[in-house]
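Let's take a friendly walk through a protein and its ligand. Have the sequence and the 3D view ready, and follow along as each part is named.

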Amino acid sequence: MRTASVVQPETLRTLPSDAARQVQWGFADRYDLQMLVQSTRAVARGPVARLVANGGRNSHEWTEGKAALLEAFDGAGITAVFMDPEEGGLFAGPKNLALALVAFELAWVDGGAATASLAGCLALAPIHERGTEQQQRYYMKLAAPAQPGDDRKPWRGAFCLTEPIPYVGVDTGMLNGKIRIVEWKPGEEPVLQVEKRGRFITNIGFANFVTAAVDSDDQRIKGSCIVILEEGDPGVFDRGTPTRKMVHQLSSTGDPIFSLRVPANRIVGGYDIKDGVLVPRYNHSEVIEAVFRRTRVTVGVMTAAKLLSAVEPVIRYQRGRFRGAETATPGSVRYELGLQAREDTLHRLVDVWATGEASASLGFAAARAFDELDPLEKKMAKLYAERGITGARAKAKLLKEASDQAVSLLLLRPGDARKEALQSDLLLRFVALDSLADVLCPAAKLWNTGWGAQMMREAVSLMGGYGITEDCPGFLGNKWMDAQLEATYEGPEAVQRRQLSVTMTNPVFLARLKNWIREMREIASEHPRIGACALATAMTMWLWTLDHLQHSKDADGGKLYQSARQGVTFPLADALCWLVAARCQIVDVLRLQKEGAADASMAEGLPGLVNFLSDLCEVQSARASGEVARICAELVFGYNRHPAWDEEGTRGCWHEDELEMLEGFMPGINSYRFDVVGKDGSHPKKAGPCVNCATESPFLSLHAKLAGCLTGSRLAKDRAAEGISKLMIPEALDYPA
Ligand SMILES: Cc1cc2nc3c(=O)[nH]c(=O)nc-3n(C[C@H](O)[C@H](O)[C@H](O)COP(=O)(O)OP(=O)(O)OC[C@H]3O[C@@H](n4cnc5c(N)ncnc54)[C@H](O)[C@@H]3O)c2cc1C
């Protein structure tokens with residue numbers, strides 16, 4: 001272990017407490033959510049953990065043991081989180097943070113259990129977001145857990161979008177599921193025939209209802225929609241065979257086949273009849289957009305939980321690695337520190353932990369943003385109605401005007417009174433928040449799960465061979481594999497990158513990003529050791545790069561920033577995610593420092609915890625900045641053609657005879673020889689003359705500056721490593737292996 005030559009600042013003594021997490025993740029004032037966390041945790045670390053430990057993941061079938069978990073979810077109030085009190089739910093108001101916390105607690109132990117719980121919400125979400133009032137009342141009540149004395153079994157749902165190849169996957173527009181009208185008596189509800197095949201559908205082993213995406217197969221129906229299917233509907237409701245998946249085995253997945261007759265009032269959101277044609281009020285894309293926008297956040301939170309859950313088992317393994325050996329006597333470094341006597345093991349754990357912190361902060365920030373956005377969306381619907389604004393074009397016009405105004409207000413200096421309108425004016429507040437949510441959601445899904453899966457591998461590797469056995473405490477091997485599913489379902493990385501490549505160029509978001517740069521510099525002036533300054537420079541570099549790519553062409557004159565050019569837009573989206581995650585992490589730690597100080601129960605270990613978490617921020621910020629620098633450099637220079645040793649390429653080079661002539665009146669100039677072309681055309685052995693980067697010189701200045709901004713970041717890593725080596729952990733994990 002490195003011995004410090006100066007007095008080390010206080011560091012953390014124990015793992016972060018619940019109280020600290022409540023402040024960091026923004027629910028310290030929500031007693032209801034704190035209770036929900038406790039009851040979910042009891043299920044996760046009780047029945048869920050026991051089922052995994054007893055081999056419950058070794059079967060693809062929907063077993064009694066797995067089914068019992070659903071009842072445990074009902075009993076703990078988990079199923080009811082999605083509903084409002086009048087529907088049998090737990091609490092009123094937006095539920096995004098609540099669902100994220102449930103997902104976090106369940107995924108801490110097993111991702112499949114979390115998915116089993118969330119898939120029910122996913123099935124209900126189309127109805128919740130776009131269903132008619134009647135549909136909402138009916139299905140929410142059916143899906144709510146039974147009250148005491150009521151022996152009704154709650155209905156379970158499945159969400160069916162994906163179809164067998166070659167249809168719906170990433171490209172959700174390629175629908176093969178069909179509806180047509182088979183009966184339409186005058187004055188009565190039309191009857192629809194639904195044909196839909198699903199692929200990889202969660203909850204299908206036991207679902208009582210399914211929300212399915214279908215397209216019209218009838219001239220009397222316009223476009224696509226989401227339709228609700230029930231298991232008692234006349235026709236075929238075949239659940240199919242279970243998917244032989246290698247992940248999330250505690251959830252049920254299969255390829256169902258539906259051929260059912262249903263009344264047209266099962267179309268989510270209802271329909272109108274125009275000129276004898278049935279027109280669904282929402283097409284399937286509009287519904288799934290509203291649904292995924294929220295549900296993807298919880299998926300991102302699941303992977304964050306995995307990373308943070310790995311910390312304690314890894315520390316315990318590392319510390320105890322050599323205990324029992326003759327040479328490892330109590331009191332010896334080998335006995336006390338075990339593998340933690342080695343710098344690399346600690347540094348890698350610092351990286352896993354820092355990633356977990358950043359991803360949790362990003363995921364919960366996204367969930368809170370949607371909690372704030374939900375009521376605004378309702379108010380906006382009212383505003384449209386009051387102003388008689390109907391139709392997408394009229395709405396877009398209004399939003400565009402508001403966006404322009406929001407941009408000018410966001411760019412005003414801090415403290416300018418005019419900025420207040422961003423809070424008080426509904427339209428301005430909406431466009432500002434909406435543009436943020438549009439970035440936070442795909443960023444949380446993309447970065448948390450994609451990069452999280454990579455870092456889970458790192459966590460597994462820290463346990464050596466044990467990590468890839470079923471006996472590994474904390475089920476880390478399972479979690480590594482499960483993370484890959486989280487990166488895949490509800491739209492894999494390509495879908496999130498595609499969305500980000502559009503939303504991250506929204507001028508309202510870009511104005512906010514400029515504010516973040518200022519914010520980070522201000523934070524850095526008060527908290528120089530939290531990585532905020534490096535992050536501000538990296539954000540500046542990202543903005544410069546985006547602008548450059550939007551206005552530049554490649555060596556063949558092709559436009560660089562455009563939707564078909566995923567090689568440009570996707571990496572830039574990845575780069576942004578690093579920045580957004582690292583910023584959320586810093587903001588959360590500062591909230592803990594500020595608000596935690598006011599809480600007597602936390603006061604004792606708070607400075608050490610904040611110091612440690614700040615070091616993790618600095619580590620993460622350095623990593624994020626490095627990633628941004630790497631990605632941006634590749635994009636800025638990678639599309640230029642390297643000069644060759646040809647006529648055009650050597651035009652800017654020195655020529656030997658020129659230099660000889662100059663040497664006469666500028667003695668010594670030959671010592672600056674660089675890229676000189678000989679009289680016989682010979683040249684230095686390399687790819688070509690070095691590149692002249694005149695147009696990119698601002699980028700190079702930023703690049704150099706950013707390298708300098710990393711000063712101290714490895715010292716932060718050393719401090720964090722030292723902190724981990726001293727931290728006290730419980731004797732044993734609080735759930736079985
Ligand atoms: C266990 C499990 C549970 C699931 N649960 C459900 C469920 O409940 N309901 C449901 O409807 N679906 C469910 N799915 C399906 C899941 O959402 C899809 O598998 C996922 O969206 C990817 O679609 P795909 O498998 O067809 O991949 P593909 O579309 O074939 O994609 C393959 C690869 O190509 C890339 N790619 C594809 N298109 C593009 C593009 N345009 N640009 C760039 N790259 C592209 C993708 O990123 C991916 O890397 C589940 C899947 C699994 C495995």
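A residue is called buried when its relative accessible area is under 20%, exposed when that area is over 50%, and partly exposed in between, using a 1.4 Å probe and protein chains only. By that rule, histidine 548 counts as buried because its relative accessibility is 14%.

The model is predicted, so local features need pLDDT of at least 70 and side-chain atom pairs count only at pLDDT 80 or more, while totals for chains, interfaces and linings use all residues. Residues are numbered from 1 along each chain as its sequence is written, and side-chain values use heavy atoms, with hydrogens and water left out.

Histidine 548 sits in helix α16 (residues 532-550). Helices (H or I, at least four residues) and strands (E, at least two) are DSSP runs, numbered from the N terminus. A contact means heavy atoms within 4.5 Å. Leaving aside residues up to four places away in sequence, histidine 548 touches Val636 and Glu696.

Glutamine 585 belongs to helix α17 (residues 566-596). Its relative accessible area is 2%, so glutamine 585 is buried. Again not counting residues up to four places away in sequence, the residues that glutamine 585 touches include Ala354, Glu357, Leu616 and Gln620. Along the chain, glutamate 595 is 10 residues from glutamine 585, and their C-alpha atoms are separated by 15 Å.

**Two helices and their cover**

The expected span of a helix is 1.5 Å times one less than its number of residues. Helix α10 (residues 392-410) has 19 residues and should span 27 Å; its end C-alpha atoms are 26 Å apart, which agrees. Among the buried residues of α10 are Leu398, Ala402 and Leu410. Their cover includes α9, α11 (421-424), α12 (426-461) and α15 (507-526).

Helix α22 (residues 713-726) reaches 20 Å from its first C-alpha to its last, close to the 20 Å expected for its 14 residues. Of those 14 residues, 11 are buried, including Lys717, Arg719 and Ile724. Helices α7 (284-320) and α19 (606-638) are among the elements that cover the buried residues of α22.

**Around the ligand**

| Backbone atom of | Ligand atom | Distance |
|---|---|---|
| phenylalanine 159 | nitrogen | 2.8 Å |
| leucine 161 | oxygen | 2.8 Å |
| phenylalanine 200 | nitrogen | 2.7 Å |

The ligand has 980 Å² of accessible area on its own, and the protein covers 68% of that.

Most residues other than glycine have a negative phi, and most peptide bonds are trans. The bond from isoleucine 165 to proline 166 is cis, with omega near 20°. Aspartate 275 has a positive phi, near 50°, and is exposed, with a relative accessible area of 82%. Glutamate 490 also has a positive phi, near 55°, but counts as buried at 14% relative accessibility.

Terms used
Polar contact = N/O pair within 3.5 Å; in protein donor to acceptor, adjacent residues only side chain to side chain. Areas by Shrake-Rupley, 256 points an atom, 1.4 Å probe, with all protein chains shown as cover.
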